[in-house]
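Hello,

The model we spoke about is below, and some notes on its packing follow. Please read them with the structure open.

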Amino acid sequence: TSSLPEQTRVFTVSNQKGGVGKTTTTVNLAAALASVGARVLVIDLDPQGNASTALGVPHTADIPSVYDVLIDEFPLADIVQTSPESPLLTCAPSTIHLAGAEIELVSQVAREHRLRRALEEYLASAQEPPHVVLIDCPPSLGLLTINAFTAADEVLIPIQCEYYALEGLSQLLGSVQMIQKHLNPPLHVSSILLTMYDGRTRLAQQVAEEVRQHFPKEVLNTVIPRSVRVSEAPSFGQTVIAYDGQSAGAVAYREAAVELLSREADEAGSTTNEGEH
(Lines give C-alpha, C1' and ligand atoms only; values in the text may rest on other atoms or scores of the structure.)
Protein backbone atom coordinates (compact mmCIF):
# COMPACT_ATOMS: atom_id res chain seq x y z
CA THR A 1 0.00 0.00 0.00
CA SER A 2 1.06 3.58 -0.49
CA SER A 3 2.04 5.87 2.33
CA LEU A 4 -1.02 7.82 3.39
CA PRO A 5 -0.33 11.32 4.74
CA GLU A 6 -0.90 11.88 8.47
CA GLN A 7 -2.16 15.37 7.81
CA THR A 8 -4.69 16.16 5.12
CA ARG A 9 -3.06 17.43 1.94
CA VAL A 10 -5.13 20.06 0.18
CA PHE A 11 -4.55 20.57 -3.54
CA THR A 12 -6.11 23.05 -5.90
CA VAL A 13 -6.11 21.65 -9.42
CA SER A 14 -5.61 24.62 -11.66
CA ASN A 15 -4.78 25.66 -15.17
CA GLN A 16 -6.09 28.96 -16.46
CA LYS A 17 -6.01 27.73 -20.03
CA GLY A 18 -9.50 26.33 -20.60
CA GLY A 19 -10.19 22.91 -22.06
CA VAL A 20 -7.07 21.17 -20.76
CA GLY A 21 -8.90 18.33 -19.06
CA LYS A 22 -8.49 19.86 -15.61
CA THR A 23 -11.69 18.28 -14.31
CA THR A 24 -10.84 14.93 -15.94
CA THR A 25 -7.53 14.99 -14.09
CA THR A 26 -9.19 15.94 -10.80
CA VAL A 27 -11.81 13.20 -10.80
CA ASN A 28 -9.58 10.44 -12.16
CA LEU A 29 -6.84 11.26 -9.70
CA ALA A 30 -9.42 11.32 -6.90
CA ALA A 31 -10.82 7.92 -7.90
CA ALA A 32 -7.29 6.54 -8.32
CA LEU A 33 -6.31 7.79 -4.84
CA ALA A 34 -9.42 6.13 -3.39
CA SER A 35 -8.58 2.90 -5.23
CA VAL A 36 -5.21 2.76 -3.44
CA GLY A 37 -6.82 3.32 -0.04
CA ALA A 38 -6.86 7.09 0.49
CA ARG A 39 -9.94 8.95 1.71
CA VAL A 40 -10.54 11.72 -0.80
CA LEU A 41 -12.79 14.78 -0.88
CA VAL A 42 -13.35 16.55 -4.19
CA ILE A 43 -14.64 20.10 -3.84
CA ASP A 44 -16.33 21.12 -7.09
CA LEU A 45 -16.01 24.89 -7.44
CA ASP A 46 -16.81 25.00 -11.15
CA PRO A 47 -20.38 26.19 -11.82
CA GLN A 48 -20.62 23.69 -14.69
CA GLY A 49 -20.38 20.89 -12.14
CA ASN A 50 -18.52 18.47 -14.42
CA ALA A 51 -16.61 16.96 -11.51
CA SER A 52 -19.85 16.25 -9.63
CA THR A 53 -21.30 14.61 -12.76
CA ALA A 54 -18.23 12.42 -13.33
CA LEU A 55 -18.31 11.26 -9.70
CA GLY A 56 -21.97 10.29 -10.04
CA VAL A 57 -23.10 12.83 -7.44
CA PRO A 58 -26.44 14.62 -7.98
CA HIS A 59 -26.09 18.38 -8.33
CA THR A 60 -29.41 19.73 -9.54
CA ALA A 61 -30.38 23.27 -8.59
CA ASP A 62 -32.25 22.18 -5.43
CA ILE A 63 -29.35 20.21 -3.90
CA PRO A 64 -27.33 21.84 -1.08
CA SER A 65 -23.96 22.66 -2.61
CA VAL A 66 -20.71 24.57 -2.28
CA TYR A 67 -22.79 27.66 -3.08
CA ASP A 68 -24.57 27.35 0.29
CA VAL A 69 -21.24 26.92 2.03
CA LEU A 70 -19.74 30.04 0.46
CA ILE A 71 -22.77 32.33 0.58
CA ASP A 72 -24.85 31.11 3.54
CA GLU A 73 -22.09 29.54 5.62
CA PHE A 74 -23.56 26.03 5.59
CA PRO A 75 -21.17 23.54 7.21
CA LEU A 76 -19.32 21.54 4.56
CA ALA A 77 -20.40 18.34 6.32
CA ASP A 78 -24.02 19.14 5.38
CA ILE A 79 -23.38 19.08 1.66
CA VAL A 80 -20.70 16.40 1.18
CA GLN A 81 -21.97 13.31 -0.64
CA THR A 82 -20.33 9.92 -1.12
CA SER A 83 -19.66 8.90 -4.72
CA PRO A 84 -21.27 5.62 -5.78
CA GLU A 85 -17.80 4.62 -7.03
CA SER A 86 -16.22 4.16 -3.63
CA PRO A 87 -17.01 4.73 0.05
CA LEU A 88 -13.62 6.48 0.28
CA LEU A 89 -14.55 8.99 -2.43
CA THR A 90 -16.63 12.02 -1.45
CA CYS A 91 -17.68 15.17 -3.24
CA ALA A 92 -18.90 18.63 -2.28
CA PRO A 93 -21.02 19.29 -5.37
CA SER A 94 -21.34 22.45 -7.37
CA THR A 95 -24.67 23.65 -8.74
CA ILE A 96 -25.58 26.24 -11.33
CA HIS A 97 -26.06 28.74 -8.47
CA LEU A 98 -22.28 29.01 -8.21
CA ALA A 99 -22.28 30.99 -11.45
CA GLY A 100 -23.78 33.90 -9.50
CA ALA A 101 -21.59 33.37 -6.44
CA GLU A 102 -18.70 35.12 -8.17
CA ILE A 103 -20.67 38.40 -8.02
CA GLU A 104 -22.40 37.75 -4.70
CA LEU A 105 -19.08 37.16 -2.96
CA VAL A 106 -17.84 40.64 -3.85
CA SER A 107 -19.85 42.26 -1.06
CA GLN A 108 -19.23 39.56 1.57
CA VAL A 109 -16.99 39.84 4.61
CA ALA A 110 -13.80 37.72 4.41
CA ARG A 111 -14.80 36.84 0.88
CA GLU A 112 -11.45 35.23 -0.01
CA HIS A 113 -11.41 32.97 3.05
CA ARG A 114 -14.90 31.47 2.96
CA LEU A 115 -13.85 28.08 1.64
CA ARG A 116 -10.78 27.89 3.84
CA ARG A 117 -12.83 28.46 7.01
CA ALA A 118 -15.41 25.88 6.02
CA LEU A 119 -12.73 23.33 5.14
CA GLU A 120 -10.76 23.91 8.35
CA GLU A 121 -13.95 23.42 10.37
CA TYR A 122 -14.80 20.27 8.41
CA LEU A 123 -11.35 18.70 8.84
CA ALA A 124 -11.26 19.52 12.55
CA SER A 125 -14.63 17.92 13.27
CA ALA A 126 -14.44 14.89 10.95
CA GLN A 127 -13.91 11.56 12.73
CA GLU A 128 -11.97 10.28 9.75
CA PRO A 129 -10.78 13.32 7.82
CA PRO A 130 -9.80 12.82 4.19
CA HIS A 131 -6.15 12.13 3.41
CA VAL A 132 -6.42 14.30 0.31
CA VAL A 133 -8.70 17.16 -0.72
CA LEU A 134 -8.78 18.12 -4.41
CA ILE A 135 -10.41 21.42 -5.35
CA ASP A 136 -11.54 21.79 -8.94
CA CYS A 137 -11.93 25.44 -9.87
CA PRO A 138 -13.14 27.41 -12.89
CA PRO A 139 -10.49 28.35 -15.48
CA SER A 140 -10.79 32.08 -14.74
CA LEU A 141 -9.12 33.88 -11.84
CA GLY A 142 -12.19 35.15 -10.02
CA LEU A 143 -13.27 34.93 -6.38
CA LEU A 144 -14.07 31.22 -6.67
CA THR A 145 -10.54 30.40 -7.79
CA ILE A 146 -9.11 32.77 -5.17
CA ASN A 147 -11.12 30.88 -2.52
CA ALA A 148 -9.64 27.64 -3.85
CA PHE A 149 -6.08 28.99 -3.75
CA THR A 150 -6.58 30.39 -0.27
CA ALA A 151 -7.91 27.07 1.06
CA ALA A 152 -5.08 24.94 -0.36
CA ASP A 153 -1.39 24.44 0.41
CA GLU A 154 -0.48 22.84 -2.87
CA VAL A 155 -1.28 23.56 -6.49
CA LEU A 156 -1.43 20.69 -8.95
CA ILE A 157 -1.22 21.72 -12.60
CA PRO A 158 -2.30 19.32 -15.33
CA ILE A 159 -0.51 20.11 -18.60
CA GLN A 160 -1.55 18.59 -21.91
CA CYS A 161 1.30 17.55 -24.14
CA GLU A 162 -0.01 19.53 -27.10
CA TYR A 163 0.47 22.85 -28.89
CA TYR A 164 0.81 25.92 -26.69
CA ALA A 165 0.83 23.75 -23.58
CA LEU A 166 2.86 26.33 -21.65
CA GLU A 167 0.61 29.17 -22.73
CA GLY A 168 -1.05 30.79 -19.74
CA LEU A 169 1.32 29.06 -17.36
CA SER A 170 3.27 32.19 -16.44
CA GLN A 171 -0.07 33.89 -15.78
CA LEU A 172 -1.03 31.02 -13.46
CA LEU A 173 2.32 31.15 -11.64
CA GLY A 174 1.86 34.90 -11.27
CA SER A 175 -1.57 34.35 -9.70
CA VAL A 176 -0.15 31.76 -7.31
CA GLN A 177 2.57 34.19 -6.32
CA MET A 178 0.08 36.98 -5.74
CA ILE A 179 -2.10 34.78 -3.51
CA GLN A 180 1.00 33.56 -1.70
CA LYS A 181 2.10 37.09 -1.00
CA HIS A 182 -1.22 38.55 0.12
CA LEU A 183 -3.49 35.76 1.30
CA ASN A 184 -1.85 32.38 1.79
CA PRO A 185 1.95 32.20 2.30
CA PRO A 186 2.26 28.35 2.32
CA LEU A 187 0.73 28.01 -1.18
CA HIS A 188 3.13 26.53 -3.74
CA VAL A 189 3.07 24.59 -6.98
CA SER A 190 3.99 21.12 -5.75
CA SER A 191 2.97 18.87 -8.62
CA ILE A 192 2.65 18.98 -12.37
CA LEU A 193 1.01 16.12 -14.24
CA LEU A 194 1.60 15.62 -17.96
CA THR A 195 -1.59 14.40 -19.64
CA MET A 196 -2.81 13.53 -23.16
CA TYR A 197 0.67 12.19 -23.86
CA ASP A 198 1.11 10.52 -27.23
CA GLY A 199 4.59 9.03 -27.26
CA ARG A 200 4.49 8.55 -31.03
CA THR A 201 4.56 12.26 -31.77
CA ARG A 202 7.64 14.44 -31.69
CA LEU A 203 5.49 17.30 -30.38
CA ALA A 204 4.39 15.45 -27.25
CA GLN A 205 7.98 14.52 -26.49
CA GLN A 206 9.11 18.12 -26.98
CA VAL A 207 6.39 19.52 -24.73
CA ALA A 208 7.18 16.95 -22.03
CA GLU A 209 10.88 17.78 -22.26
CA GLU A 210 10.24 21.51 -22.07
CA VAL A 211 7.97 21.22 -19.04
CA ARG A 212 10.52 18.99 -17.27
CA GLN A 213 13.28 21.53 -17.96
CA HIS A 214 11.22 24.33 -16.44
CA PHE A 215 9.98 22.31 -13.46
CA PRO A 216 12.40 19.45 -12.73
CA LYS A 217 11.17 18.91 -9.15
CA GLU A 218 7.46 19.31 -9.68
CA VAL A 219 6.73 17.13 -12.69
CA LEU A 220 5.53 13.65 -11.77
CA ASN A 221 7.39 10.81 -13.50
CA THR A 222 4.09 9.21 -14.41
CA VAL A 223 2.54 10.59 -17.58
CA ILE A 224 -1.09 10.05 -18.53
CA PRO A 225 -1.36 8.66 -22.07
CA ARG A 226 -3.85 10.00 -24.59
CA SER A 227 -6.68 7.50 -24.32
CA VAL A 228 -10.14 7.01 -25.74
CA ARG A 229 -11.26 5.41 -22.47
CA VAL A 230 -10.32 8.49 -20.45
CA SER A 231 -12.30 10.76 -22.75
CA GLU A 232 -15.33 8.43 -22.94
CA ALA A 233 -15.76 7.85 -19.22
CA PRO A 234 -17.30 11.23 -18.17
CA SER A 235 -20.23 10.87 -20.57
CA PHE A 236 -21.19 7.76 -18.59
CA GLY A 237 -21.02 9.70 -15.32
CA GLN A 238 -17.95 7.73 -14.30
CA THR A 239 -14.25 8.14 -13.79
CA VAL A 240 -11.97 5.99 -15.94
CA ILE A 241 -11.15 3.94 -12.83
CA ALA A 242 -14.79 2.76 -12.65
CA TYR A 243 -15.43 2.78 -16.40
CA ASP A 244 -12.45 0.66 -17.44
CA GLY A 245 -10.08 0.03 -14.57
CA GLN A 246 -7.68 -2.05 -16.66
CA SER A 247 -7.22 0.52 -19.42
CA ALA A 248 -3.89 2.27 -19.90
CA GLY A 249 -5.40 5.55 -18.67
CA ALA A 250 -6.71 4.03 -15.44
CA VAL A 251 -3.42 2.27 -14.75
CA ALA A 252 -1.52 5.53 -15.32
CA TYR A 253 -3.80 7.50 -12.99
CA ARG A 254 -3.28 4.87 -10.27
CA GLU A 255 0.48 5.13 -10.73
CA ALA A 256 0.24 8.92 -10.54
CA ALA A 257 -1.81 8.62 -7.34
CA VAL A 258 0.78 6.36 -5.70
CA GLU A 259 3.56 8.72 -6.80
CA LEU A 260 1.70 11.76 -5.50
CA LEU A 261 1.28 10.11 -2.09
CA SER A 262 4.91 9.06 -1.93
CA ARG A 263 6.15 12.59 -2.49
CA GLU A 264 5.95 14.50 0.75
CA ALA A 265 3.99 17.72 0.70
CA ASP A 266 6.95 19.92 1.47
CA GLU A 267 9.54 17.99 -0.51
CA ALA A 268 8.56 19.69 -3.75
CA GLY A 269 10.29 23.02 -3.17
CA SER A 270 8.47 26.32 -3.41
CA THR A 271 9.44 27.18 -6.95
CA THR A 272 6.89 29.94 -6.88
CA ASN A 273 9.24 31.88 -4.60
CA GLU A 274 11.91 32.27 -7.24
CA GLY A 275 10.56 35.47 -8.71
CA GLU A 276 10.09 37.32 -5.41
CA HIS A 277 11.54 40.82 -5.52
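Two strands are counted as paired if DSSP finds at least two bridges between them. Helices (H or I, at least four residues) and strands (E, at least two) are DSSP runs, numbered from the N terminus. This is a predicted model: local features need pLDDT of at least 70, side-chain atom pairs count only at pLDDT 80 or more, and totals for chains, interfaces and linings use all residues. Residues are numbered from 1 along each chain as its sequence is written, and side-chain values use heavy atoms, with hydrogens and water left out.

The sheet: eight strands form an open sheet with mixed pairing, in the order β3-β4-β2-β5-β1-β6-β7-β8. β3 (81-82) and β8 (219-225) are at the edges with a single partner strand each, so one side of each has no neighbour in the sheet. β3 runs antiparallel to β4 (residues 89-92), and two bridges join them; Gln81 has Cys91 of β4 as its bridge partner.

Helices on the sheet: α1 packs on it, with contacts (heavy atoms within 4.5 Å) to strands including β1 (9-13), β2 (40-44) and β5 (132-136). The direction of α1 makes about 165 degrees with that of β5; angles run from 0 to 180 degrees between N-to-C directions, and axes are lines fitted to C-alpha atoms, for helices over the stretch in contact. Helix α7 (residues 169-182) lies across β6 and β7, at about 175 degrees to β6.

Helix on helix: the axes of α1 (residues 22-35) and α11 (residues 248-262) come within 8 Å and cross at roughly 75 degrees.

Regards
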